[in-house]
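Here is a short briefing for a first look. Keep the sequence and the 3D view open as you read.

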Amino acid sequence: MAEMDTSSGGGHKKGPGVKKGKKLSTRVDLTPMVDLGFLLITFFVFTTTMSQSTAMNMNEPKDDDKSQLLVRNSGAMTILLGKNDQVYYYFGQLEVDKLSEQFKSTTFKQIRELIVAKKKSTPIDNLMYIIKSDKKSTFKNAIDILDEMSICAIPPGHYAEVDMTPTEEILISKTEEANGIK
Amino acid sequence: MPKVKIPRKSTNIDMTAMCDVAFLLLSFFILATKQKPPEVLTVTPPASVSSKAAPDKSILITLTQDGKTFLMLGDETRKAAILSNINTTKGLNLTPAELNKWVKSPFVGQPLNQIKSSLNASVVTPPNKLPGIPTDSTNNEMIDWIRSVTSAYAGTDQRKLQEMLLVKGDQSTLYPVFKNIKQAFKKNEIYKFRIVTSGESVPAGSELYLNPPKAIN
């Protein structure tokens with residue numbers, strides 16, 4: 001591959017008896033160097049992390065009776081996270097005779113519209129999102145819904161993570177059975 | 001008919017330009033990326049729109065896919081203090097030599113009662129075979145760990161400590177594991193900590209996109 005350019009470029013006649021010194025080209029074949037360069041690039045691409053991981057803040061409430069918040073029924077939206085990335089929600093408080101009307105299921109794609117719709121229809125002072133995670137829901141679900149809160153610019157203090165009640169657990173498992181989610 | 005003479009051209013290409021490009025890319029990657037920090041186990045964290053970078057020096061709790069919990073004490077200046085604190089408070093009876101050995105290990109991934117034996121073991125257990133720190137509601141050793149961490153950092157800037165407390169979980173970790181960790185923080189009166197996520201851009205058209213906050217605390 002190495003190219004030896006020995007053309008001395010036109011007959012430049014020197015005087016008689018002067019021997020022509022062979023001019024060696026200064027050109028070097030760069031192919032191996034390019035190979036090496038790309039090899040190093042691939043090495044760096046594989047061993048390094050491009051995107052720096054970010055940190056999300058978590059603020060937990062204090063668990064004491066004094067700071068128990070009373071939420072207005074009209075302003076409350078409860079979001080329940082089930083298994084298989086399923087999301088359930090209801091407004092206000094669950095009433096025994098209206099369960100099937102109140103308790104609805106949705107997905108992570110649609111939940112944002114519902115959150116925004118609730119935010120627009122409710123005075124900010126009454127607004128409260130209650131997030132409850134099922135035992136079968138994943139860490140990703142819990143983070144996604146908190147992320148959704150910050151995407152929708154819900155001010156802190158207007159959403160809270162709460163433990164699930166047995167009624168809701170039963171409702172979720174019944175809905176899952178009906179929808180065939182395993 | 002006279003043949004048309006096609007001048008024979010050399011197939012050699014000047015590689016200088018290509019070489020320049022290769023090394024330019026190389027230098028870009030070296031400068032723009034960061035070496036992967038040693039990881040206990042590979043976890044894929046969930047995405048969030050948070051734009052704050054995770055600190056390098058941290059007390060990192062890792063939740064793996066199968067629900068095991070690992071603790072990494074990234075702040076070398078306090079690591080020995082934390083470990084000797086848990087040694088005395090939990091009565092692990094480690095000798096100074098064992099304690100020294102423990103300080104050198106990159107992370108904790110076993111129940112407290114197995115630590116002495118694992119330090120004296122001749123064969124090092126690979127990280128994916130370690131049992132993890134138990135975090136069940138009946139035996140949540142993470143509470144003891146965080147207590148030792150807070151006591152080692154007592155008297156220092158608590159805001160700095162809060163910034164260092166990180167939880168990194170896999171996407172498919174089940175929620176109860178995370179709940180136990182939150183419980184452990186709460187038991188030690190720590191109400192603020194941070195979660196390691198992979199960055200994600202704010203969806204266009206959302207409220208956060210239209211009115212980005214001026215300063216995030």
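Take the contacts in chain A between residues at least 6 apart in sequence: 63% of them join residues at least 24 apart. This is a predicted model.

Chain A
- Chain A holds five helices and seven strands.
- Along the sequence, its pattern runs α-β-β-β-β-α-β-α-β-α-β-α.
- Chain A has 182 residues, and 24% of them count as buried.

H2(B) with H5(B)
- Helix H2 of chain B spans residues 76-89, and helix H5 of chain B spans residues 141-152.
- They pack at an angle of about 125 degrees, with axes 9 Å apart. H2(B) is therefore oblique to H5(B).
- The crossing of H2(B) past H5(B) is right-handed.
- On the H2(B) side, the contact residues include B:Arg78, B:Ile82 and B:Ile86. On the H5(B) side, they include B:Asp144, B:Trp145 and B:Val149.
- By class, the contact of H2(B) with H5(B) has six nonpolar, four polar and two charged residues.

H5(B) with H7(B)
- Helix H7 of chain B covers residues 175-187.
- The axes of H5(B) and H7(B) come within 8 Å and cross at roughly 40 degrees. That angle makes H5(B) oblique to H7(B).
- H5(B) passes H7(B) in a right-handed crossing.
- From H5(B), B:Met142, B:Ile143 and B:Ile146 meet residues of H7(B), among them B:Ile181, B:Ala184 and B:Phe185.
- The contact of H5(B) with H7(B) has six nonpolar residues, one polar and one charged.

Conventions
Residues are numbered from 1 along each chain as its sequence is written. Chains are lettered from A and ligands numbered from 1 in the order in which they are written. This is a predicted model: local features need pLDDT of at least 70, side-chain atom pairs count only at pLDDT 80 or more; totals for chains, interfaces and linings use all residues. Axes are lines fitted to C-alpha atoms, for helices over the stretch in contact, and angles run from 0 to 180 degrees between N-to-C directions. Helices (H or I, at least four residues) and strands (E, at least two) are DSSP runs, numbered from the N terminus. Angles under 35 degrees count as roughly parallel, over 145 as roughly antiparallel, 65 to 115 as roughly perpendicular and the rest as oblique. A crossing is left-handed if the near helix is turned anticlockwise from the far one by less than a right angle, and right-handed if clockwise. Two residues are in contact if their C-beta atoms, placed from the backbone, lie within 7 Å. Ala, Val, Leu, Ile, Met, Phe, Trp, Tyr, Cys and Pro count as nonpolar, Asp, Glu, Lys and Arg as charged, and the others, Gly among them, as polar. A residue is buried if 20 or more other C-beta atoms lie within 10 Å of its own, exposed if 12 or fewer, and partly exposed in between; C-beta atoms are placed from the backbone.
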